Amino acid sequence: MENTKDLTEHSSRTERKRRDSFGMFDGYDSCSEDTSSSSSSDESEEEVAPLPSSLPIIKNNGQVYTYPDGKSGMATCEMCGMVGVRDAFYSKTKRFCSVSCSRSYSSNSKKASILARLQVTGKPPTKKAKVLQKQPLVAKLAAYAQYQATLQNQVKTKTAVPVEGFSWGNYITSNNLTAAPVTCFKHAPMGTCWGDISEGVRVEVPNTDCSLPTKVFWIAGIVKLAGYNALLRYEGFENDSSIDFWCNVCGSDIHPVGWCATSGKPLVPPRTIQHKYTNWKAFLVKRLTGAKTLPPDFSQKVSEGMQYPFKPSMRVEVVDKTHLCRTRVAVVDSVIGGRLRLVYEESEDKNDDFWCHMYSPLIHHIGWSRSIGHRFKRSDITKKQDGHYDAPPHLFAKVKEVDPSGEWFKEGMKLEAIDPLNLSAICVATIRKVLADGYLMIGIDGSEAADGSDWFCYHATSPSIFPVGFCEINAIELTPPRGYAKLPFKWFDYLRETDSIAAPVKLFNKEVPNHGFHIRMKLEAVDLMEPRLVCVATVTRIIHRLLRIHFDGWEEEYDQWVDCESPDLYPVGWCQLTGYQLQPPAPQTSRDSQSSSSKQKKKAKSQQYKGHKKMTSLQLKEELLDGEEYNFLQGASDQESNGSASYYIKQEP
């Protein structure tokens with residue numbers, strides 16, 4: 001009889017060891033070959049002080065943690081989704097955190113909303129769903145987790161593209177750098193729903209510090225965020241950073257706390273610290289009460305953010321890179337992370353291509369050029385090729401509506417504009433033609449082609465055009481017209497000499513969004529002079545909504561002025577998430593040789609857009625310095641305010 005009793009007790013203890021409410025093994029030795037470690041026992045329960053019932057209940061901004069209820073010390077309110085210590089919950093069943101939640105649960109609308117989360121939107125309830133409605137919350141949450149997993153598997157995940165010798169994590173840690181937050185990039189996945197993911201948030205990740213043959217998990221906290229990437233530390237390591245590791249928060253191996261429990265995955269403490277506690281369950285309850293984790297639908301939102309409406313074989317109108325003044329028909333060849341590789345329709349070998357983001361102002365629906373009076377190169381192909389079809393107009397980025405009926409831009413008016421052939425320069429420019437719907441054809445003074453083939457189209461609300469005096473008031477170098485000898489350049493003198501007038505200040509876009517960028521923040525940015533490349537970059541200046549982007553490892557000559565809402569800027573980790581190739585900083589050898597071969601290669605990039613060469617601002621400065629003194633405007637420090645400001649000077653001579 002004694003043997004039978006011992007066997008029963010042993011069986012009961014073994015069953016308790018297997019899994020608790022966190023999905024973890026109570027004792028590390030219950031799933032390890034090392035049997036010397038202490039397992040959970042009646043004595044070990046007393047070594048960790050019991051949790052008082054007055055401990056605060058976790059609330060995650062209305063998001064429901066995916067803990068199942070059980071006799072584990074933790075409970076989830078079936079009404080509001082709050083998680084807390086079981087003993088602090090209301091009623092004998094411990095299903096609700098308060099009397100009000102208990103009463104509210106009887107509402108049919110709440111029951112319907114719980115059911116809706118378990119089904120595909122828009123489909124009528126199935127027999128299976130009706131059965132789920134009658135099941136306890138544990139089953140509902142498990143079904144919801146299974147639904148999420150199925151949804152995630154349906155989306156083809158691109159493998160990360162490794163960059164030999166470069167790691168964002170090492171780069172940021174070794175240089176103590178800061179990255180721009182994901183919320184700065186509204187066009188990127190999770191850009192508008194990143195929420196309050198920050199340092200201190202807990203997640204469940206694979207445990208690499210163990211010798212088990214199967215994949216196990218453990219809880220880790222975010223120590224530092226850099227875009228999509230997070231520096232994680234396993235729970236229990238306290239201030240020990242010896243095995244901290246970087247990973248992409250949007251990756252497939254990152255889960256909210258509670259995912260292991262609903263998915264039947266084991267939580268196993270790292271081998272390095274397994275000896276620190278004998279009751280890991282109580283340790284986790286104590287550490288996780290009041291902590292934040294990812295929302296339960298986080299992976300679903302990531303998947304949704306990586307669904308792109310543009311598909312291969314769609315036809316669009318895009319700027320002609322050899323003649324900026326006109327557009328051509330191109331066909332979408334591939335889509336990576338929302339970036340489109342467009343092949344011009346007449347290209348036989350498909351090598352005549354152009355890269356841009358799907359929200360780029362350079363692409364439009366078929367028929368756009370005719371509708372606004374823009375020049376268009378007709379294709380020699382008389383009919384669409386098999387399988388090609390026009391991209392629907394609603395897929396393209398919308399521009400603000402304008403009212404040209406009153407005071408408006410006119411041909412011959414002067415302004416300042418970013419040179420599309422040399423994006424490091426803001427130049428003296430002229431409105432050459434006024435098109436419909438607020439579009440303008442702009443030419444750079446002193447360097448225009450005789451046939452106007454280098455005019456380019458900007459919308460009146462474009463953040464790349466500025467009123468006369470913008471550069472002076474903001475201490476930016478203004479590139480004068482080529483060959484203009486009266487230096488330093490003065491707008492008032494130039495307007496008199498050319499018998500011109502400045503475009504009225506009130507016609508320009510003065511809106512400055514609260515973008516969140518700061519100087520020295522790291523990001524991934526497209527080299528717009530060779531737009532197939534996405535590079536490691538830094539914000540070096542901020543002028544209201546205008547950012548100066550520096551490509552790490554390259555000379556300042558190749559910096560580019562970019563708008564804060566440009567779809568060509570991405571958070572750190574975007575390339576890894578989408579499978580796009582990231583260009584690392586130029587190595588020391590490249591920096592040393594920039595004065596020769598590498599510099600020539602960079603200067604040749606303007607051929608992406610145009611057949612003839614164009615002098616860079618640095619070349620122009622050197623040429624002018626040859627005979628006379630040349631002083632660029634100096635003065636005011638960069639404006640980092642994210643609010644609107646009056647930053648234009650008076651224009652009267």
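Q: In this predicted model, where buried means under 20% relative accessible area, what percentage of the 653 residues of the chain count as buried?
A: The cut-off is under 20% relative accessible area. The count runs over the 653 residues of the chain. The share that counts as buried is 51%.

Q: How many helices and strands does the secondary structure of the chain come to?
A: The chain holds both kinds of element. The totals are 17 helices and 27 strands.

Q: Is Asp320 buried or exposed?
A: Asp320 sits in strand β9, residues 314-320. Its side chain makes a polar contact with the side chain of Thr322 at 2.8 Å. The relative accessible area of Asp320 is 0%, and buried means under 20%, so Asp320 is buried.

Q: Why is Ile336 classed as partly exposed?
A: Ile336 belongs to strand β10, residues 323-336. Buried needs under 20% and exposed needs over 50%. Ile336 falls in between, because its relative accessible area is 23%.

Q: What separates the C-alpha atoms of Ile336 and Tyr580?
A: Ile336 touches Trp355, Trp574, Thr578, Gly579 and Tyr580, leaving aside residues up to four places away in sequence. Ile336 and Tyr580 are 244 residues apart along the chain. Their C-alpha atoms are separated by 6.6 Å.

Q: Which residues touch the most other members of the largest nonpolar core?
A: That core has 132 residues. A second, separate core of six residues includes Cys325, Trp368, Ile372 and Tyr439. In the largest core, the residues with the most touching members are Phe310 and Ile549.

Q: Which residue is the bridge partner of Ile549 in β25?
A: Strands β24 and β25 (residues 560-563) pair in the antiparallel sense over four bridges. Contacts of Ile549 include Leu523, Val539, Gln560 and Leu569. The bridge partner of Ile549 in β25 is Gln560.

Q: Why is strand β24 largely enclosed by the rest of the structure?
A: Leu546, Arg548 and His550 point one way from β24. Leu547, Ile549 and Phe551 point the other way, and all are buried. Strand β24 is largely enclosed because the buried count is six of the six residues.

Q: Which residue takes a positive phi in the hairpin of β23 and β24?
A: Strand β23 (residues 534-543) pairs with β24 in the antiparallel sense over six bridges. Ile542 stands opposite Leu547 in β24. Two residues lie between the strands, and the one with a positive phi near 60° is His544.

Q: Which residue in β8 stands opposite Glu204?
A: Strand β4 (residues 202-206) runs antiparallel to β8 and joins it by two bridges. Opposite Glu204 stands His255.

Methods:
Residues are numbered from 1 along each chain as its sequence is written. This is a predicted model: local features need pLDDT of at least 70, side-chain atom pairs count only at pLDDT 80 or more; totals for chains, interfaces and linings use all residues. Side-chain values use heavy atoms; hydrogens and water are left out. Buried means under 20% relative accessible area, exposed over 50%, partly exposed in between (1.4 Å probe, protein chains only). A polar contact is a pair of N or O atoms within 3.5 Å; within protein, one must be able to donate a hydrogen and the other to accept it, and residues adjacent in sequence count only if both atoms are side-chain atoms. Contact means heavy atoms within 4.5 Å. A nonpolar core is a set of buried Ala, Val, Leu, Ile, Met, Phe, Trp, Tyr and Cys residues joined through side-chain atoms within 4.5 Å. Two strands pair if DSSP finds at least two bridges between them.
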